[in-house]
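Hi,

Here is the structure I promised to pass on to you. Please open it first, and then read on for what turned up in it.

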Amino acid sequence: MNEQAPLLIGRGLHKSFGPTLALRGVDLSLAAGEVLAVMGPSGSGKSTLLHCLAGILTPDSGEVTFAGRRIDQLPDRQRSQLRRTAFGFVFQFGQLVPELPVVENIALPLLLTGKKRRVALAAAQDWLQRLGLGDIGQRLPGEISGGQMQRAAIARALICGPSVIFADEPTGSLDSVAADEVMELLIDTAKATGAGAVLVTHEPRVAAYADRQVTVRDGRIAQPATVLGAS
Amino acid sequence: MRIVDDMTVSYALLGLLHEADRHGYDLKQSYDRMFGGTRPLRFGQVYRTLSQLQRDGLIAIVGVEAGAGPDRKRYSITAEGVTDLERWLAEPEEPQPQLQTVLFQKVMLALLSGRSAGEYLDAQRGVHLTAMRELTTARRTASLQDGLLIDYQLFHIEADLRWIDHAAGRLDTLAAEIQL
């Protein structure tokens with residue numbers, strides 16, 4: 001890893017939902033361009049951790065710093081703005097708008113940041129080509145396969161040129177062959193664009209694509225991170 | 001990495017001869033390329049296996065070129081050999097549980113001796129994950145054939161990992177049960 005300060009840092013993160021302690025003091029950091037897998041059993045707190053790091057949830061205590069700036073204390077509007085421009089998201093299900101053709105789904109983040117429709121659609125078309133989806137741009141999400149849907153989701157996550165991609169079980173609904181294709185694409189495009197990624201998964205085969213893996217158990221990091229290339 | 005045990009070497013050679021008649025040297029080359037991994041066949045084993053197959057009537061020598069040495073012989077599969085190969089190909093293998101009982105033993109003995117089985121499992125998980133990451137990296141530049149073999153290894157390591165996580169989740173109840 002490089003010597004620079006990490007791009008994204010979570011320190012002492014705690015988060016409860018009613019009586020349930022989801023996070024009990026998590027420290028975690030991500031270097032620029034690094035792909036980190038967060039593993040753990042169901043209910044371990046790994047998705048909550050992703051949501052806190054991505055500024056979707058506010059931790060009860062602790063802090064999240066992105067590019068040297070506290071983001072857990074930002075007002076909602078600024079956090080939304082940050083999520084749109086600096087972060088990309090890939091989830092397991094239900095992320096494409098069913099009524100919109102694939103190309104418009106991919107263009108959505110650009111449209112939300114105020115880009116002209118023509119420019120946004122052209123960029124989306126570029127991404128479609130790049131991810132091997134060139135001929136399905138006009139189809140609706142319900143008319144394409146699960147693997148194609150996840151590839152479209154990756155295109156949408158990357159279209160704004162994010163610094164960090166947050167992926168929560170991105171292959172959860174796919175068979176192993178489609179899962180491998182999606183993961184290779186996700187890693188290749190992240191590396192090609194210089195984006196880092198936080199990848200939440202309970203599947204070791206998916207986590208094995210990451211540069212580094214940590215395991216969350218009972219709201220804490222269960223093991224020291226293994227660093228790529230460390231011996 | 002050895003994926004084919006000695007008993008299946010003869011079927012591998014039969015299969016290669018089913019594709020085409022070959023010399024012993026060709027057979028060794030083809031075998032090593034397809035199944036050898038990091039442990040190529042020894043010539044002695046090739047010729048020993050061939051003479052056994054010949055004795056059983058599953059292959060025959062169809063030509064001997066001028067010169068000396070076993071390499072001059074050209075082998076062909078017989079009708080009987082084809083039948084035997086077909087039978088073997090269609091026959092399901094007994095599932096072989098990965099008898100890595102040492103993982104199980106370490107957990108049990110850690111609990112019995114009051115040591116931390118959880119720490120052991122965390123360390124084991126780390127080593128398994130590292131192996132998976134290395135295999136996944138290797139697969140990305142591998143041929144389809146090599147990739148499929150790596151997939152086989154990945155799925156088996158993943159099975160171990162599932163067991164490790166499963167065991168980690170039951171340590172408390174397990175400890176209580178053992179000490180009864």
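How many residues of chain B are in contact with chain A, and how many residues of chain A do they meet? Before the answer, please keep in mind that this is a predicted model. On the chain B side there are 16 residues in contact, and they meet 22 residues of chain A.

**Where the two chains meet**

Together, chain B and chain A bury an area of about 1600 Å² between them, with carbon and sulfur atoms giving 49% of it.

The rule finds 5 salt bridges across the interface of chain B and chain A. One of them joins B:D122 to A:R217, where the closest N and O atoms are 3.0 Å apart.

Which elements of chain B give two or more residues to the side that touches chain A? They are α6 (117-140) and α7 (144-168) of chain B. Of the residues on that side, α6(B) gives the most, with 10. Sorted by class, the side of chain B that touches chain A has 6 nonpolar, 3 polar and 7 charged residues.

**Salt bridges beyond the interface**

Over all chains, the structure holds 22 salt bridges. Among them is one within chain A, where the side chains of A:D180 and A:R205 meet at 2.8 Å, N to O. This pair links distant parts of the chain, as A:D180 sits in helix α6 (residues 176-193) of chain A and A:R205 in helix α7 (residues 204-207) of chain A, 25 residues apart.

**A cavity in chain A**

Finally, have a look inside. The structure holds 1 cavity of 30 Å³ or more, and about 30 Å³ of space lies in the largest cavity. Which residues line the largest cavity? Its lining is made up of A:L8, A:L28, A:S29, A:L30, A:L36, A:L53 and A:V198. Strand β2 (residues 20-30) of chain A gives the largest share of this lining, 3 residues. By class, the lining has 6 nonpolar residues and 1 polar residue, with no charged residues.

Enjoy exploring, and do write back with any questions.

Best wishes

Conventions
Residues are numbered from 1 along each chain as its sequence is written. Chains are lettered from A and ligands numbered from 1 in the order in which they are written. This is a predicted model: local features need pLDDT of at least 70, side-chain atom pairs count only at pLDDT 80 or more; totals for chains, interfaces and linings use all residues. Side-chain values use heavy atoms; hydrogens and water are left out. On a 1 Å grid over the protein atoms alone, a cavity is a set of points where a 1.4 Å probe fits but cannot get out, and a pocket is an open set with protein on both sides within 12 Å along at least five of seven lines; lining residues have an atom within 4 Å of a point. Grid points are joined across faces, edges and corners, and a volume is the space filled by probe spheres set on the points. Helices (H or I, at least four residues) and strands (E, at least two) are DSSP runs, numbered from the N terminus. Ala, Val, Leu, Ile, Met, Phe, Trp, Tyr, Cys and Pro count as nonpolar, Asp, Glu, Lys and Arg as charged, and the others, Gly among them, as polar. Contact means heavy atoms within 4.5 Å. Buried area is the accessible area (1.4 Å probe) that two parts lose on being put together, summed over both. A salt bridge is a side-chain nitrogen of Lys or Arg within 4 Å of a carboxyl oxygen of Asp or Glu.
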